[in-house]
Amino acid sequence: MRTAVEFRSVRKRFPKASYDAVSDVSLKINEGEIVTILGTSGCGKTTLLKMVNRLYEPDSGEILFFGQPIRQMNPVELRRKIGYVIQQVGLFPHMNIGENIATVPKILGWPKQKIEKRVDELLELVQLPAAEFKKRYPHQLSGGQQQRVGLARALAADPAIMLLDEPFGAIDAITRRSLQDELLSIHRKFRKTFLFVTHDIHEAFRLADRVLILDAGKVQQFAAPAEICSKPACGFVEKLVDSAREEQLEWKAGGAENDQVSASLS
Amino acid sequence: MIKFLLRYPEKVVVPLLQHIELTGLTLLISIVIASALSLLLMRSRWLSQLVVGLFSAVYAIPSMALFALLIPLFGLGEKTAVIVLVIYNQFILVRNILGGFHSVDPAVIESAYGMGMSGAQIFFKIRLPLASPVILAGIKIAAVSTIGIATIGATINSGGLGTLLFEGLQTMNMVKILWGTLLSSLLAIAANLLLAALEKKARKAVNGEG
Ligand SMILES: Nc1ncnc2c1ncn2[C@@H]1O[C@H](COP(=O)(O)OP(=O)(O)O)[C@@H](O)[C@H]1O
Ligand SMILES: [Mg+2]
């Protein structure tokens with residue numbers, strides 16, 4: 001199996017900060033894998049992700065993209081091979097949905113017909129019928145629909161890997177679940193490599209082949225969900241898993257209480 | 001009034017054309033300089049604040065005072081008037097150009113970089129169109145204020161509709177005063193309407209309604 005992305009002793013500290021945002025990260029991500037990056041706010045998830053498409057540069061260490069050091073690649077060229085989706089979506093408000101999705105294919109000089117076909121295909125993939133949505137503008141879409149377009153736009157030029165930074169973080173629980181399902185089905189279809197940042201442990205475990213748990217810029221554990229639950233690598237991971245379990249128990253307890261309340265009312 | 005116009009058409013038409021030329025030239029130079037300045041300042045927030053602050057102080061100087069200050073340097077005439085007007089416009093234009101670019105949602109810019117657009121592509125396809133309503137609003141205000149202040153330029157022989165006004169005042173010729181007032185007001189209103197329409201169109205395009 002090929003390695004899609006490799007981090008070698010990667011470290012990043014922002015100017016004037018007294019600590020590393022990402023501290024000595026070394027790991028390999030296999031081609032076709034969904035890796036979720038899980039950790040509390042400020043632990044360095046975004047920083048780690050943005051170093052892959054060179055929106056940030058590491059202070060030391062090296063990142064390889066299919067074996068090639070990205071430092072030697074032209075950043076603009078590199079980014080065209082990588083899909084990028086962020087929580088705020090960032091659709092271009094002055095372009096309709098079709099034009100938004102066509103942005104990178106247009107830059108790459110695809111023929112017009114191929115672009116048209118690709119846009120329709122992608123809209124179908126993210127369950128937005130082209131006839132209805134292609135000519136709409138971003139402000140005429142719900143948050144969930146906007147993020148579907150964000151996903152389609154990132155997939156447009158058939159990138160080798162996808163970077164997703166809390167893409168469903170601002171979306172209600174029910175829509176989020178259906179978006180997660182769609183993401184999984186897209187992944188099953190194309191077997192692309194996904195790096196998916198989230199602070200939601202349920203989301204992280206639900207989507208991942210492997211979960212990368214970060215704390216204070218350091219990797220705490222990088223393993224399959226089942227292994228993390230059965231063999232937490234350290235106290236931090238154990239606490240994280242326990243707190244998620246407790247949350248689930250509270251839910252059940254709450255459900256029972258509610259049943260009693262409704263029983264006594266009837 | 002109509003009789004005056006029919007008898008001495010050149011006394012009305014020539015100042016009007018001069019006025020249009022004077023404001024057109026002023027706006028052109030102002031926009032070029034303000035664009036260059038804004039591009040230089042874009043990278044530094046504190047430097048832009050400093051420069052816009054300085055321009056706002058200059059903007060507060062009464063126009064007569066600024067003319068008086070610059071006549072020893074540039075003499076009487078159109079050149080000095082254009083210089084003064086260009087200086088005034090810098091405050092309005094630089095403030096609005098920078099404000100326009102800062103008003104663009106950073107998430108939009110981040111996703112544009114993230115998908116592999118070059119700096120030039122982002123500037124021309126994203127930043128500039130999205131900043132254009134605020135920039136056009138600045139040009140609108142600058143045009144109206146230039147048309148107004150340019151009438152005062154007549155005191156230093158820059159020509160234009162101000163000439164009608166001041167000649168009219170000196171000789172107590174009501175007809176000249178009225179023509180000067182009427183035409184400069186109409187010119188300002190026309191410029192305002194035209195640029196407001198452009199601004200509205202740009203705003204609709206930005207919001208995906210155009
Ligand atoms: N552009 C930046 N400039 C300075 N500090 C930053 C910047 N981005 C992030 N940081 C800092 O780096 C650390 C990691 O941030 P980030 O990677 O955004 O965390 P996460 O995405 O996990 O919430 C935080 O302490 C944050 O304050
Ligand atoms: Mg983040």
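User: What links Glu6(A), Arg8(A), Glu62(A) and Arg71(A)?

Analyst: These four residues of chain A are joined in a network of salt bridges. A salt bridge is a side-chain nitrogen of Lys or Arg within 4 Å of a carboxyl oxygen of Asp or Glu. The model is predicted, so local features need pLDDT of at least 70 and side-chain atom pairs count only at pLDDT 80 or more, while totals for chains, interfaces and linings use all residues. Residues are numbered from 1 along each chain as its sequence is written, chains are lettered from A and ligands numbered from 1 in the order in which they are written, and side-chain values use heavy atoms, with hydrogens and water left out.

User: Why is the contact between Arg71(A) and Glu62(A) called a salt bridge?

Analyst: The N to O separation of Arg71(A) and Glu62(A) is 2.9 Å, which is within the cut-off, and therefore the pair qualifies. Side chains of opposite charge can pair when their charged atoms come close. A search of the whole structure, over all chains, gives 21 salt bridges.

User: How do you know whether Arg71(A) is buried or exposed?

Analyst: Buried means under 20% relative accessible area, exposed over 50%, and partly exposed in between (1.4 Å probe, protein chains only). Arg71(A) has 55% and therefore counts as exposed.

User: Which label does each residue get in the salt bridge of Arg13(A) and Asp20(A)?

Analyst: This pair meets at 2.8 Å, N to O. Arg13(A) has a relative accessible area of 34%, so it is partly exposed. Asp20(A) has 15%, so it is buried.

User: What about Lys176(B) and Glu167(B)?

Analyst: Their side chains form a salt bridge at 2.8 Å, N to O. Lys176(B) is buried at 9%, and Glu167(B) is partly exposed at 33%.

User: What makes helix α1 of chain A mostly covered?

Analyst: Seven of the eight residues of α1(A), 45–52, are buried. Among them are Leu48(A), Leu49(A) and Met51(A), and also Lys45(A) and Lys50(A). Helices (H or I, at least four residues) and strands (E, at least two) are DSSP runs, numbered from the N terminus. α1(A) lies across β1 (3–12), β2 and β4 of chain A, at about 120° to β1(A). Axes for that angle are lines fitted to C-alpha atoms, for helices over the stretch in contact (heavy atoms within 4.5 Å). Angles run from 0 to 180 degrees between N-to-C directions.

User: Why are β2 and β5 of chain A called edge strands?

Analyst: The open sheet has the order β2-β1-β4-β5 (chain A), with antiparallel pairing. β2 (22–30) and β5 (68–69) each pair on one side only. Strands pair if DSSP finds at least two bridges between them. Two bridges join β4 (60–65) to β5(A), so this pair meets the criterion. Leu64(A) stands opposite Pro69(A) in β5(A).

User: Which residues touch the most other members of the largest nonpolar core?

Analyst: They are Ile101(A) and Ile126(B), in a core of 49 residues. Elements giving two or more residues to this core include α3 (97–107) of chain A and α7 (119–152) of chain B. A nonpolar core is a set of buried Ala, Val, Leu, Ile, Met, Phe, Trp, Tyr and Cys residues joined through side-chain atoms within 4.5 Å. Leaving aside neighbours within four places in sequence, Ile126(B) is in contact with residues including Phe92(A), Met95(A) and Val108(B). Another core, apart from this one, has 32 residues, among them Val12(B) and Leu183(B).

User: How do you know whether Gln147(A) is buried or exposed?

Analyst: Its relative accessible area is 1%, so Gln147(A) is buried. Gln147(A) sits in α6 of chain A.

User: What sets Lys16(A) apart in phi?

Analyst: Lys16(A) has a positive phi of about 75° although it is not a glycine. Lys16(A) lies in the loop between β1 and β2 of chain A and is exposed, at 89%.
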